[in-house]
Amino acid sequence: MLGIHEIWLFVLSGVLLNITPGPDTVYVIGRSMQMGWRGGAAAAFGISCGCFFHVTGAAIGLSALLMASSTAFGVLKLVGAAYLVLTGLQMLWSQPQLLAVKDEAERSSLRRVFLQGVFTNALNPKVALFFLAFLPQFVAADAPHKPLAFLTLGLIFIFTGTLWCLVLAAFAAKAAHRLRQSEGVIAWVNRALGGLFIYLGIRVAMLETR
């Protein structure tokens, strides 16, 4: 009815893409090592919410606008790059915190991790262009409800990706439980995540305006 075809191939491709190591994987593992499973889960759900913005954008044509308008693409690119670099610098300068923190401070940290995951994806034009290129391959050209078909496929992709990230968070948190007792280890995790964000910011800034 929605014009979706070869959905089994879409699910398989989505799972393979989700389990391929990338920045999201590193971010979830890093936050899990820092804060345990709750930190990794907050990162995973933040990333998924960021992806939802792009799926919705692809469904209503915003991604196509980014591809067609060099000005819109350039503005989003610079905003996203600046956010990533600033976030990375904050991580590099942050002081390590052990697990013995107050509940309110922990909740605040989890909100911050979640929002970082959201903005990292939502402000990345490369992710928008990925969904624009990937989703239409599984929707018939004469489909009567293309936006709804794109949204359905996008939600399937986000669902499988979220499950994978939660599994990663659980394994990383369990493996790093003792390591999180060391301020030195946490400091190095902060540096690694900070460096990753700065690297992603530079890569986003270097994307060619289309």
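Modeller: Helices (DSSP H or I, at least four residues) and strands (DSSP E, at least two) are runs numbered from the N terminus. Ile47 belongs to helix H3, and H3 is the part I take. The model is predicted: local features need pLDDT of at least 70, side-chain atom pairs count only at pLDDT 80 or more, and totals for chains, interfaces and linings use all residues. Residues are numbered from 1 along each chain as its sequence is written, and side-chain values use heavy atoms, with hydrogens and water left out.

The setting first. The protein has 9 helices and 0 strands. In order from the N terminus, the elements read α-α-α-α-α-α-α-α-α. Of the 210 residues, 44% count as buried (under 20% relative accessible area; exposed is over 50%, partly exposed in between; 1.4 Å probe, protein chains only). Take the contacts (heavy atoms within 4.5 Å) with a separation of 6 or more: 88% of them come from residues 24 or more positions apart.

Now Ile47 itself. Ile47 counts as buried, at 5% relative accessibility. What does Ile47 touch, not counting residues up to four places away in sequence? The partners are Asp24, Tyr27, Val28, Gly117, Val118 and Asn121. Phe114 lies 67 residues from Ile47 along the chain, yet their C-alpha atoms are separated by 7.6 Å.

Two helix pairings of H3 follow. Two packed helices are described by the angle between their axes and the distance between the axes. Axes here are lines fitted to C-alpha atoms, for helices over the stretch in contact, and angles run from 0 to 180 degrees between N-to-C directions.

Start with H2. Helix H2 (residues 23-35) packs on H3 at about 150°, with the axes 6 Å apart. The two are therefore roughly antiparallel (over 145 degrees; under 35 is roughly parallel, 65 to 115 roughly perpendicular, the rest oblique). On the H2 side, the contact is made by Asp24, Tyr27, Val28, Arg31, Ser32 and Met35. H3 supplies Trp37, Gly39, Gly40, Ala43, Ala44 and Ile47. The residues divide into 7 nonpolar (Ala, Val, Leu, Ile, Met, Phe, Trp, Tyr, Cys, Pro), 3 polar (the others, Gly among them) and 2 charged (Asp, Glu, Lys, Arg).

Next comes H8. The axes of H3 (residues 37-60) and H8 (residues 146-175) come within 9 Å and cross at roughly 165°. H3 and H8 are therefore roughly antiparallel. Their crossing is right-handed. From H3, the residues are Trp37, Gly40, Ala41, Ala44, Phe45, Ser48, Cys51, Phe52, Val55, Thr56, Ala58 and Ala59. They meet Pro147, Phe150, Leu151, Gly154, Leu155, Ile158, Thr162, Cys165, Leu166, Ala169, Ala170 and Ala173 of H8. By class, this contact has 19 nonpolar, 5 polar and no charged residues.

The C-alpha atoms of Val167 and Gly40 are separated by 9.5 Å, although the two are 127 residues apart along the chain.

How many disulfides (cysteine sulfur atoms within 2.5 Å) does the structure hold? The count is 0. Cys49 is in no disulfide; the nearest cysteine sulfur is that of Cys51, 9.4 Å away. Cys49 is partly exposed, with a relative accessible area of 33%. For Cys165 the closest cysteine sulfur is also in Cys51, at 8.5 Å, too far for a bond. Cys165 counts as buried, at 10% relative accessibility.

H8 has a further partner. Helix H1 (residues 7-19) packs on H8 at about 40°, with the axes 9 Å apart. That makes H1 oblique to H8. This crossing is right-handed. H1 brings Ile7, Phe10, Val11, Gly14, Val15, Leu17, Asn18 and Ile19 to the contact. H8 brings Leu153, Ile156, Phe157, Thr160, Gly161 and Trp164. The contact of H1 with H8 has 10 nonpolar, 4 polar and no charged residues.

One backbone note to finish. Glu6 lies in the segment before H1. Glu6 has a positive phi of about 50°, although it is not a glycine. At a relative accessible area of 43%, Glu6 is partly exposed.

Conventions
Left-handed = near helix turned anticlockwise from the far one by under 90°. Disulfide = S-S within 2.5 Å.
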